[in-house]
Amino acid sequence: VRFRCSSQFHTCNGVWLWFIIQGLYEPQGVFHLFCNHANTKFKSVILNPILMIKLIIQIPCYNEDTTLPITIREIPRQITGVDCVEILVVDDGSTDKTIEAAENAGVDHIVKHVRRKGLAHAFMTGLDACLRLGADIIVNTDGDNQYKGEDIPKLITPILDGEAEIVIGDRGTDGIEHFCASKKKLQKVGSMMVRLLSDTHVPDAVSGFRAYKRDAAMQVNLL
């Protein structure tokens with residue numbers, strides 16, 4: 001982002017001088033301001049701007065008025081490296097009191113589908129809403145309290161450290177007792193296919209516990 005501004009100053013001898021101030025915003029969080037006129041060399045002044053990082057946790061829901069309050073309660077509102085934490089609920093046409101539960105739990109944003117469209121569409125609706133709300137990082141989690149809110153800081157750490165743009169949480173499906181053998185096998189096969197096609201190491205490709213950097217979220221498409 002570049003910005004320019006021009007200011008006109010009147011000197012003691014009545015001569016008008018033009019000062020051109022040019023600022024360059026750097027990713028490292030430093031502004032360099034340069035001033036120049038006919039008889040002055042470039043000078044540099046370093047300022048420390050306040051760079052805000054906004055995290056929005058989106059929760060797609062369908063008839064989860066019982067478990068949703070627990071999920072929301074366990075989401076940390078203060079995370080090191082993040083200035084603002086907000087919660088967005090996407091109600092996928094629920095017929096119970098999911099919206100009322102979200103309001104009572106104090107979420108920041110609610111988006112509602114008039115009729116049920118499915119998890120994939122609810123996910124994309126949430127992603128679009130988070131981007132419009134100015135999220136720098138987006139975390140997707142489930143409303144059934146399947147994932148631990150206390151793990152969100154660990155999930156976004158690779159993004160904050162500049163090591164990743166997308167992070168997928170590993171549920172350790174082998175250790176989930178209520179998953180039948182066939183479901184565990186399908187999970188492994190699906191994850192293996194993703195690893196082969198993407199040339200990455202993703203142990204749990206279908207996990208709903210994910211974090212996206214803003215740039216990566218803007219490139220997600222629903223096929």
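The model is predicted, with local features needing pLDDT of at least 70 and side-chain atom pairs counting only at pLDDT 80 or more, while totals for chains, interfaces and linings use all residues. Residues are numbered from 1 along each chain as its sequence is written, and side-chain values use heavy atoms, with hydrogens and water left out.

**Exercise 1. The nonpolar cores**

Task: Find which residues have the most contacts inside the largest nonpolar core, and state which elements give two or more residues to this core.

Solution. Begin with the terms. A nonpolar core is a set of buried Ala, Val, Leu, Ile, Met, Phe, Trp, Tyr and Cys residues joined through side-chain atoms within 4.5 Å. Buried means under 20% relative accessible area, exposed means over 50%, and partly exposed lies in between, using a 1.4 Å probe and protein chains only.

Next, list the residues: the largest core has 24 residues, and those with the most contacts inside it are Leu55, Ile57, Ile59, Val139, Ile152 and Ile156. Then turn to the elements, where helices (H or I, at least four residues) and strands (E, at least two) are DSSP runs numbered from the N terminus. Strand 5 (54–61), helix 1 (68–73), strand 6 (84–92), strand 8 (137–140) and helix 4 (152–160) each give two or more residues to this core. A second, separate core has 13 residues, including Ile56, Phe123, Cys130 and Ala217.

As background, in soluble globular proteins nonpolar side chains tend to be buried together.

**Exercise 2. Aromatic pairs**

Task: State how many aromatic pairs there are, and describe the pair that phenylalanine 123 and tyrosine 212 form.

Solution. Rings of Phe, Tyr and Trp (its six-membered ring) pair if their centres lie within 6.5 Å, and planes under 30 degrees apart count as stacked, over 60 as edge-to-face and the rest as tilted. By this rule the count is 2 aromatic pairs. Phenylalanine 123 and tyrosine 212 form a tilted pair, with 6.0 Å from centre to centre and 50° between the planes. This pair links distant parts of the chain, since phenylalanine 123 is in helix 3 (residues 119–132) and tyrosine 212 is in strand 10 (residues 210–213), 89 residues apart. Phenylalanine 123 and tyrosine 212 are both buried.

Tyrosine 147 and phenylalanine 209 form a stacked pair, with 5.2 Å between the centres and 10° between the planes. Tyrosine 147 and phenylalanine 209 are also both buried.

**Exercise 3. Charged side chains**

Task: State how many salt bridges there are, and explain why aspartate 92 and arginine 116 tie together parts of the chain.

Solution. A salt bridge is a side-chain nitrogen of Lys or Arg within 4 Å of a carboxyl oxygen of Asp or Glu, and the count by this rule comes to 6. In one of them, aspartate 92 meets arginine 116, the closest N and O atoms being 4.0 Å apart. Aspartate 92 lies in strand 6 and arginine 116 in the loop between strand 7 (109–113) and helix 3, so this pair ties together parts that are 24 residues apart in sequence. Aspartate 92 is buried at 3% relative accessible area, whereas arginine 116 is exposed at 51%.

Arginine 132 and aspartate 128 form another salt bridge, at 2.8 Å from N to O, and both lie in helix 3, 4 residues apart, about one turn of the helix.

**Exercise 4. A positive phi**

Task: State where asparagine 63 lies and whether its phi is positive or negative.

Solution. Asparagine 63 lies in the loop between strand 5 and helix 1. The phi of asparagine 63 is near 55°, a positive value in a residue other than glycine. For comparison, most residues other than glycine have a negative phi. Asparagine 63 counts as partly exposed because its relative accessibility is 29%.
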